[in-house]
Each structure stands twice: as C-alpha cells, then as structure tokens.
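These are my notebook entries on one structure. I record what I looked up, in the order in which I looked.

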Number of protein chains: 2
Amino acid sequence: MTQSSSPTAAMLVIGDEILSGRTRDANMHYLAGELVKHGLPLFEVRVVSDDRAAIIAAVQALSEQYTHVFTSGGIGPTHDDITAECIAAAFGASIDVRADARALLQAHYDAMGTEMNAARLRMARIPDGAALIANPISAAPGFSLGNVHVMAGVPAIFQAMLADILPRLQGGDPVLSQSVTVEKAEGDIAAGLGALAESYGDLSFGSYPTYSDGRYRVTVVVRGTDGARIDAAMAELAQQLDLAAS
Amino acid sequence: MTQSSSPTAAMLVIGDEILSGRTRDANMHYLAGELVKHGLPLFEVRVVSDDRAAIIAAVQALSEQYTHVFTSGGIGPTHDDITAECIAAAFGASIDVRADARALLQAHYDAMGTEMNAARLRMARIPDGAALIANPISAAPGFSLGNVHVMAGVPAIFQAMLADILPRLQGGDPVLSQSVTVEKAEGDIAAGLGALAESYGDLSFGSYPTYSDGRYRVTVVVRGTDGARIDAAMAELAQQLDLAAS
C-alpha cells in the first residue's frame, strides 16, 4: 500500500486503559472497516497515553501527513479527559464552554432529570472554529477542528459519532478486496505470489499465515480499486494454487 | 502517566491486514499485559502499513524515544515481508542470510521433510549485529537490534518469542493497579476523583465509562508502584463513592 493523491486517513487512540492492557481496543477495527468502505483508507494508527505533550505531538504529526485524522477517547467529564484542550493547543485555537454544546447537554440532562455540574460542563468545552459531531446516545458532542475529528472512546458512542461525520467527508474510490485461504505453507506459495505482485503493480497482495490445530494455513488478499483487475489476478492466483475452477 | 527515568516501552505493529480492517490485532493487548507485569510500561503503539518508508520512520522515532521497542509482523517468506530489511536500514546495518539463522531453519525443515527454497531462505536474513529471538513453533527466528525487538505477527509465535526475550530485559518496578466499578454516572464522581488525583500525585487515576443494557457504569483504576499508597487511595475512593466497607 502506498500513498497517492486520493484521500488518506489516520487514527489516534487516546487512553492509558489500552496501553496498560486493561482494555482491548475495539474502535480501531471498526473504524478501519468503515473507512475502507468509504474510500478513505487507514494508513496509520497511534495509541498514546493521557499525556498532554504526547497527544499534541501525535495530533500535529498525523494531521500534517494525512487527509483526515480520527481520534477516540478522552472527552468525558473527569480530570483525565484532556483531549479537547490538547486538540485546541495543537491547532493554536482557544477553548471554552460553547453555547451550542452547552445547550445540547442541558437539554439532555433536563430530560433525564440529571443535575448539570461543573464536571459535566467540561464536556461543553469546544475549541473555537470547531464543528460539532452529534452524539445521539449521551449528548456530549464530538467535534471536527481542521482535519481532525474528535470522538468518544466508548464504542457505542464512537460508532454513532462516526455515522454522523463520515458521510460529510469526501471519500475516494472504495478499496475492493478478494481473498482465498489455502492449507499450504506460506514458503511454498511465496515465489509465485511475488511474481504476481510484480505483474499487477496497481494491486496490493497480502499474505497472512495462521497456525491453529497444528496446521499452517495462508490467506492471500488482493486489494485495489479496479474490480476487473482483481478478478484477473484472482484467476491467475487460483491457477498457481492448483485450485479447481468452481 | 508521565515518563520518568524508569524503563519505557513502545510497540510497532506492521501490517496492512490490521489497517484494512480484515484482521483484529491481538498482539497489542497481550504485549501490554506482559509488559506491565515486567515493569516496562507501554507508552505508545503505532500501526503502519507494509511500506518501507513508513516502517523506517516509525522505528527510528520510537527507538530514540523509548527504552525498548517491540515490533510484530512482516517477517515471513513472502514479498510483503519487509520488516527485517527496514529495521536494518533504520539502524544503517547491512543484512544478509546468516549462518546461525539458516541452520535453525534447515534443521526445522529437515525434521518436517519440507524443502528449503529461496522464499524460506529470506527468513534467515538477519541484520549484522542482531541477537536472535527463539521461535519454538516454526523456527524462523526474530531478532533484537539495538533496542528494537522484532517478532512475528502470528499471535502464537509472537507470544512464544516474547517469552524468550522479555526475561532478558531489565524491568522497573511492576506497575500495580486496583479498580472499582460503580453504577454511577461519570459526571457525578468527577469532582471528587479529580481532587483525589491531585492529593495522590504519585499515582495515576483513570476513569473508564461503559454503556450497556441502557445503564452507565464507570470503572476507576488507580495505578502506581507503591501498593500501600494505592490501598490508601482506594480507601478514600470507597468513602467518596459511598461504598460500604466489606
């Protein structure tokens, strides 16, 4: 996979809970799948701790290098939720409680009979110039500032926010893929696969071995934006792998 | 979590299969858990595609910033397995088939009655100056070059390689943690938690909300290297949260 002029994406996961091994990240896999369908392939993911300098450095590096950056985590009401102020700092924007975000929260808490307090009001802090991302579950909005889209870490909320923002972003051609899994050793198919990858330079060929039940299997995945070319490559691959035509 | 003079770790995951959404990464969560026990806390993870420039840049950035870097993926026999040569390039080391690695592979294939071919021989390419990491499953070794430890992406092999290398690395004090989960809204406990985090500056306090079955729950995790301090903080936290003493 190489970068071209078509749009690219990166993800920044913010959270000690992933790095400490306490929680298994769920948002990366979900985002990757949605972005492929939208024609916004994911080129890089970084996971950093709840550390101001680390978050700012990662946001700046990724937002310069990729068309869009999606973040997850660190936008709740507690002391360790520092994402919003770090994004603001990364762009040199000021940040304060914003009336539109506050109104969304107030309406939600009024409906639930929950008190708005100072901690909850932190979630209405939005950088100047940012556009809100809707949160239909718990109201506290995400936001887009420049090319960075800031979302919650709770998977249900992350997914709902992505459903709000993704249709608004221009995607490229969707990346298509086909795959075949054979019970062969990777070392036995490597030479032919390498030759195929050279003759189809517009496609990418991935080879993914697995090992279970004492057996080696390998899945070959062919990716690209031209379905007919992928069909042609898969036909040659089937011949190489001695697969009978169906 | 802030960096101190105690040893730190980062991880580099190499693989289009994660970024394309095809495969869910399994090694990050495993590594994070093992490193915490060994006193080598994980501060950053990067996932990059099978792209030479991206791999080299990430290896150089992480190896400069952290005490140890652990990589997974890209050391098999196929054309897209380019990790070893990228690590060599990142350190300016030369790389070629090495006799010790070749002997390990030859013995393994002889025992299995499998032919050694040019593709498999690629897995004996080891940078000059690197120390081998044992692979008790499929023989093809990982290696350590400088502070970078290069391992396979297949989870069973990754775990076996980690078991070989980790005991040889100097860890710091293990990071201890205790947690409590309450059925409260994060916004109701935020103020007290923030005050507690200020008065126990040597510990880290994480607050992780979940949302399921229409209920909000929050788990508070207290981490540090001094068990008695964590006990004291947890006692204060229990009072704050109105938890009855057991």
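**Entry 1: A:Thr219**

I began with the contacts of A:Thr219: not counting residues up to four places away in sequence, A:Thr219 touches A:Ser179, A:Thr181 and A:Tyr208. Two residues are in contact if their C-beta atoms, placed from the backbone, lie within 7 Å. I noted that this is a predicted model, in which local features need pLDDT of at least 70, side-chain atom pairs count only at pLDDT 80 or more, and totals for chains, interfaces and linings use all residues. Residues are numbered from 1 along each chain as its sequence is written, while chains are lettered from A and ligands numbered from 1 in the order in which they are written.

A:Thr219 lies in strand β11 of chain A. Helices (H or I, at least four residues) and strands (E, at least two) are DSSP runs, numbered from the N terminus. A residue is buried if 20 or more other C-beta atoms lie within 10 Å of its own, exposed if 12 or fewer, and partly exposed in between; C-beta atoms are placed from the backbone. I also looked up A:Lys184, which is 35 residues from A:Thr219 in sequence and 9.4 Å from A:Thr219 in space, C-alpha to C-alpha.

**Entry 2: B:Val218**

In chain B I turned to B:Val218, which sits in strand β11 (residues 215–224). B:Val218 is buried, with 24 other C-beta atoms within 10 Å. Leaving aside neighbours within four places in sequence, its contacts include B:Val182, B:Ile189 and B:Tyr208. The C-alpha atoms of B:Val218 and B:Glu183 are separated by 6.5 Å, although the two residues are 35 residues apart along the chain.

**Entry 3: Chain A as a whole**

I counted the elements next: chain A has nine helices and eleven strands. The C-alpha trace of chain A spans about 65 × 40 × 35 Å along its principal axes. Of its 246 residues, 47% count as buried. Among contacts in chain A between residues at least 6 apart in sequence, 66% join residues at least 24 apart.

For confidence, I read a mean pLDDT of 92 for chain A, with 97% of its residues at 70 or more. pLDDT is the predictor's confidence in each residue, from 0 to 100. The model scores ipTM 0.90 and pTM 0.91.

**Entry 4: Helix α3 of chain B**

Helix α3(B), residues 52–65, has 14 residues and reaches 20 Å from its first C-alpha to its last, close to the 20 Å expected at 1.5 Å a residue. The expected span is 1.5 Å times one less than the number of residues. Which residues of α3(B) are buried? They are B:Ala54, B:Ile55, B:Ala58, B:Val59, B:Leu62 and B:Ser63. These residues cover an arc of only 140 degrees around the axis, which puts them on the same side of α3(B). The arc is that of the directions from the helix axis to the C-beta atoms. An α-helix has 3.6 residues a turn, so residues three or four places apart point the same way. The face of α3(B) turned away from the buried side carries the exposed residues B:Ala53 and B:Glu64.

The buried residues of α3(B) pack against several elements of chain B, among them β3 (68–72) and β8 (148–151).

**Entry 5: Strand β8 of chain B**

Four bridges join β3(B) to β8(B), which run parallel; two strands pair if DSSP finds at least two bridges between them. The bridge partner of B:Val69 in β8(B) is B:Val148. Strand β7(B), residues 142–145, is joined to β8(B) by three bridges, and the two run antiparallel. Here B:Phe143 has B:Val150 as its bridge partner. β7(B) and β8(B) form a hairpin with two residues between them, and B:Gly146 in the turn has a positive phi of about 60 degrees.

**Entry 6: The two chains together**

Last, I looked up the contact between the chains, which takes 56 residues from chain A and 55 residues from chain B. β10(A) gives the most to the side of chain A that touches chain B, with eight residues. I noted that 98% of the interface residues of chain A are also interface residues in chain B, so the copies meet through the same surface.
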